[in-house]
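Hi everyone, thanks for coming.

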Amino acid sequence: MIIAANLKTNLTRAKTAQYINEVENFLNKNAISQEVLVFPAPSSLTLHVGKVTIGAQNAYAAQNGAFTGEIGNEQLEEFNIKTILIGHSERRHVIGETQEEIVKKFNFYKELGFKIVYCIGESLQIREAGDKVMMEYLYSQFDGIDIEYENLIVAYEPIWAIGTGVVPTSEDIVSVHLKLKEKCKAPLLYGGSVKVSNANVLLGLDGVDGVLIGGAALIADDFCAMVEFAQQIENK
Ligand SMILES: O=C(CO)COP(=O)(O)O
């Protein structure tokens, strides 16, 4: 399974380096065969050689250039980073990235062979409009995206579950994941208030190939505990 930490706008460079070191040590000391991804804040991107894969939470769809405030592939190449989050709901609804901009970014980093964690998810308003409306909305977030790209990972993160402590029922998660898998065969992660107390159940659900964790991943020990849950499930 794939266990990913989205550190968002948290931790200093020094604390991120310590975090990555703690997770790497855990993976090396234990027989962990999970794929572990860590997406640090841009200021904390670093060259890391080991079992932990470092990814970018975002980057501009350019090698370099006059894009004030952005980082491009040139800055990622420096750290040998070839993994990126694209379409996160905070990029869509806080920063205001359009589907057109997201598609352009997806295509740019796909051409570079990046492993892309492509995020989709609905608002509470869309969910409350019923299954048909919700699934049509989720499918629309694949518009323009090559869902057969071999380095694609999809993360389903209901917006109303992000940072709220509220998690869909297991039945709802399975239902959405299986419907998404009818359309896209890529590994499918669940994200949205995943934490140590619920990760074991979530990771065991049909259609869940891993998790994308925000707040609860900020403590390295807790993130490692959730990695271990995934390993225990796979060892069964
Ligand atoms: O946005 C998320 C991961 O990308 C989920 O965040 P939380 O785990 O804090 O709900």
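Predicted model: local features only at pLDDT ≥ 70, side-chain atom pairs only at ≥ 80, totals over all residues.

The space in the largest pocket comes to about 350 Å³. If you're wondering which element gives the most to its lining, look at helix 3, residues 89-95. Helix 3 puts in 4 residues.

Now for the cavities. How many of 30 Å³ or more turn up when the whole structure is searched? The search finds 1. The volume of the largest cavity is about 30 Å³. Around the largest cavity you'll find Gly87, His88, Ser89 and Arg92, then Cys119, Ile120 and Gly121, and finally Gln141, Glu157 and Ile159. Helix 3 comes up again here: helix 3 and strand 5, which is 115-120, each supply at least two residues of that lining. By class, the lining of the largest cavity has 3 nonpolar, 5 polar and 2 charged residues.

On to the helices. Two packed helices are described by the angle between their axes and the distance between the axes.

Let's take helix 1, residues 13-29, with helix 9, residues 220-235. Their axes are 9 Å apart and the packing angle is about 30°. That makes helix 1 roughly parallel to helix 9. The crossing of this pair is right-handed. On the helix 1 side you have Tyr19, Glu22, Val23, Phe26 and Leu27, and they meet Ala220, Asp221, Phe223, Cys224, Val227 and Glu228 of helix 9. In that contact there are 8 nonpolar residues, no polar ones and 3 charged ones.

Stay with helix 9 for a moment and bring in helix 8, residues 196-203. Here the axes come within 9 Å and cross at roughly 25°. Helix 8 and helix 9 are therefore roughly parallel to each other, and helix 8 passes helix 9 in a right-handed crossing. Who meets whom? From helix 8 we have Val196, Ala199, Asn200 and Leu203, and from helix 9 Asp222, Met226, Phe229, Ala230 and Ile233. This contact between helix 8 and helix 9 has 7 nonpolar residues, 1 polar and 1 charged.

Last pair: helix 6, residues 131-140, and helix 7, residues 170-183. How do they sit, parallel or oblique? Their axes cross at roughly 45° and come within 11 Å. That makes helix 6 oblique to helix 7. The handedness of this crossing is right-handed. Helix 6 makes the contact through Asp131, Met134, Met135, Leu138 and Tyr139, while helix 7 brings Val176, Lys179, Leu180, Glu182 and Lys183. Sorted by class, that contact of helix 6 with helix 7 comes out as 6 nonpolar, no polar and 4 charged residues.

Terms used
Residues numbered from 1 in each chain as written. Heavy atoms only, no water. Axes fitted to C-alpha atoms, helices over the stretch in contact; angles between N-to-C directions. Parallel < 35°, antiparallel > 145°, perpendicular 65-115°, else oblique. Left-handed = near helix turned anticlockwise from the far one by under 90°. Contact = heavy atoms within 4.5 Å. Nonpolar A, V, L, I, M, F, W, Y, C, P; charged D, E, K, R; others polar. 1 Å grid on protein atoms, 1.4 Å probe; cavity = no way out; pocket = protein on both sides within 12 Å on 5 of 7 lines; lining within 4 Å. Points joined across faces, edges and corners; volume = space filled by probe spheres on them.
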